[in-house]
Amino acid sequence: MRIIYEEDTSTHKVNVVIPTSEWLETHTMEELVAKVVPDGANYEIVEDSVIPTDRTFREAWRWE
Amino acid sequence: MGDIMTCKINADTTDGLKIVSDTSGAVDVQSNGTTRMTVLANGNVGIGASSPTTKLDIAGSILVDAYNNGGAGGGIFLRGGFLSTAQPSITVADHDGSAPDGISINGNDGVSFRTSNTERARIDVNGVLKFNSGFGSVGAAYGCRAWIKLTGTGTIGISASANVASITDRGTGTYTVTFTTAMPDANYSTQVTTTWATGVTEHVTGLVYHDSPYAQATGSVTAKTYNFSNAGAAIDASVVMLAVFR
């Protein structure tokens with residue numbers, strides 16, 4: 001699982017959060033959201049497969 | 001008969017039971033024809049030891065079953081009159097909330113570890129771990145507080161880590177490492193190492209942000225991998241390794 005969130009509402013830049021296995025042994029994804037996603041930011045918990053593997057245009061990824 | 005006259009077992013209502021030797025000889029307790037316990041004239045007691053050299057000399061193992069009798073905080077206490085884990089002691093402890101099957105060693109002004117009668121490491125009175133690796137026991141050991149190895153190309157993945165909750169992919173070559181347990185302050189040192197695919201001639205290295213746009217904080221640090229032969233442009237490295245020291 002991954003967390004994607006909108007870093008900036010003006011640029012709509014997207015950040016991708018990857019949890020460590022050590023975190024998931026004792027915590028949930030929702031707890032990680034509370035830890036890393038800024039208050040009020042748009043976010044979504046998604047499957048790994050949702051994230052593109054081609055990072056050629058990584059800087060162009062935007063929140064829609 | 002003479003020996004019988006000077007050795008006696010005495011019982012009365014005021015003194016309880018006494019096994020008395022009025023001679024300079026030892027008192028032996030035997031079973032099955034073998035001496036099991038010896039009390040020398042000087043008061044040293046041996047169990048399985050016929051010539052005890054200390055107050056209590058045991059030839060064999062000792063069971064101190066604090067686990068089943070009182071649990072955490074029970075054990076061996078090394079200062080008279082103080083049955084407390086705040087005093088020098090070796091006691092059983094419950095570190096994970098399941099059972100008192102851990103050990104706690106306490107020394108008021110430090111705990112030392114020795115080999116060949118030489119001090120090799122010490123936890124001093126302030127909780128600072130010191131070890132003898134050329135510095136003697138005065139050299140503090142500074143810990144790696146968090147580390148991670150990640151793949152920075154294709155599908156970003158984490159190979160291994162410690163004290164890291166997550167990484168945040170912020171864009172090309174930019175990763176925020178969030179600690180599971182925060183640092184005591186933001187004045188820690190971070191090392192970033194990168195590797196690049198075999199045969200690629202890019203000059204990739206890594207650094208961490210100290211201020212804007214990603215300030216080094218108690219809870220996280222952000223690393224950037226970049227190509228220093230291309231005006232410092234951010235670039236994904238195949239492997240990124242980061243370690244935090246404090």
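1. Let me start in a loop. B:Pro213 sits in the loop between strand 18 (204–208) and strand 19 (220–227) of chain B. The peptide bond that joins B:Ser212 to B:Pro213 is cis, with omega about 0°. Keep in mind that this is a predicted model, so that cis bond is a feature of the prediction.

2. B:Ser116 has a phi near 50°, which is positive in a residue other than glycine. B:Ser116 belongs to the loop between strand 10 (110–115) and strand 11 of chain B, and at 70% relative accessibility B:Ser116 counts as exposed. B:Asn163 is not a glycine either, and its phi is positive too, at about 55°. B:Asn163 lies in the loop between strand 14 and strand 15 of chain B. Is B:Asn163 buried or exposed? Its relative accessible area is 17%, and the cut-off for buried is under 20%, so B:Asn163 is buried.

3. Now the interface. On the chain B side, 24 residues are in contact with 21 residues of chain A. The two chains bury about 1,700 Å² between them, and 44% of that is on carbon and sulfur atoms. Which residues of chain B lose the most area to chain A? They are B:Ala165, B:Asp169 and B:Arg170, which together account for 28% of what that side buries.

4. The polar side of the interface is worth a look as well. Between chain B and chain A there are 18 residue pairs in polar contact, with both residues at pLDDT 80 or more. On the chain B side, strand 14 (157–162), strand 15 (164–171) and strand 16 (174–179) each supply at least two of the residues that touch chain A. Strand 15 gives the most, with eight residues.

5. On to the charges. The side chains of B:Asp169 and A:Arg58 meet at 3.0 Å, N to O, and both residues are buried. B:Asp169 is also one of the residues that lose the most area to chain A.

6. B:Lys130 forms one with B:Asp124, the closest N and O atoms being 3.4 Å apart. B:Lys130 is buried, at a relative accessible area of 18%, and B:Asp124 also counts as buried, at 14% relative accessibility. As for shared partners, salt bridges join A:Arg55, A:Arg58, B:Asp169 and B:Asp236 into one network.

7. Are the two partners buried or partly exposed? B:Arg122 counts as partly exposed, at 28% relative accessibility, whereas B:Glu119 is buried, with a relative accessible area of 14%.

8. Next, a buried threonine. B:Thr91 is found in strand 8 (residues 89–93) of chain B. With a relative accessibility of 3%, B:Thr91 counts as buried. What does B:Thr91 touch, not counting residues up to four places away in sequence? Its contacts are B:Gly73, B:Gly74, B:Gly75, B:Phe77, B:Thr85, B:Gly102, B:Ile103 and B:Ser104.

9. B:Ile62, B:Val64, B:Ile76, B:Leu78, B:Ile90, B:Ile103 and B:Ile105 make up a nonpolar surface patch of about 670 Å². Among them, B:Ile103 is also one of the residues that B:Thr91 touches. B:Ile105 is found in strand 9 (residues 102–106) of chain B. With a relative accessible area of 48%, B:Ile105 is partly exposed. Patch residues need over 30% relative accessible area, so B:Ile105, at 48%, is over that cut-off.

Conventions. Residues are numbered from 1 along each chain as its sequence is written. Chains are lettered from A and ligands numbered from 1 in the order in which they are written. Side-chain values use heavy atoms; hydrogens and water are left out. Patches are made of residues with over 30% relative accessible area and no salt bridge: like charges are joined within 9 Å, nonpolar side chains (Val, Leu, Ile, Met, Phe, Trp, Tyr) within 5 Å. Accessible areas come from the Shrake-Rupley method with a 1.4 Å probe; for residues, only the protein chains shown count as cover. A salt bridge is a side-chain nitrogen of Lys or Arg within 4 Å of a carboxyl oxygen of Asp or Glu. Helices (H or I, at least four residues) and strands (E, at least two) are DSSP runs, numbered from the N terminus. Buried means under 20% relative accessible area, exposed over 50%, partly exposed in between (1.4 Å probe, protein chains only). Contact means heavy atoms within 4.5 Å. Buried area is the accessible area (1.4 Å probe) that two parts lose on being put together, summed over both. A polar contact is a pair of N or O atoms within 3.5 Å; within protein, one must be able to donate a hydrogen and the other to accept it, and residues adjacent in sequence count only if both atoms are side-chain atoms.
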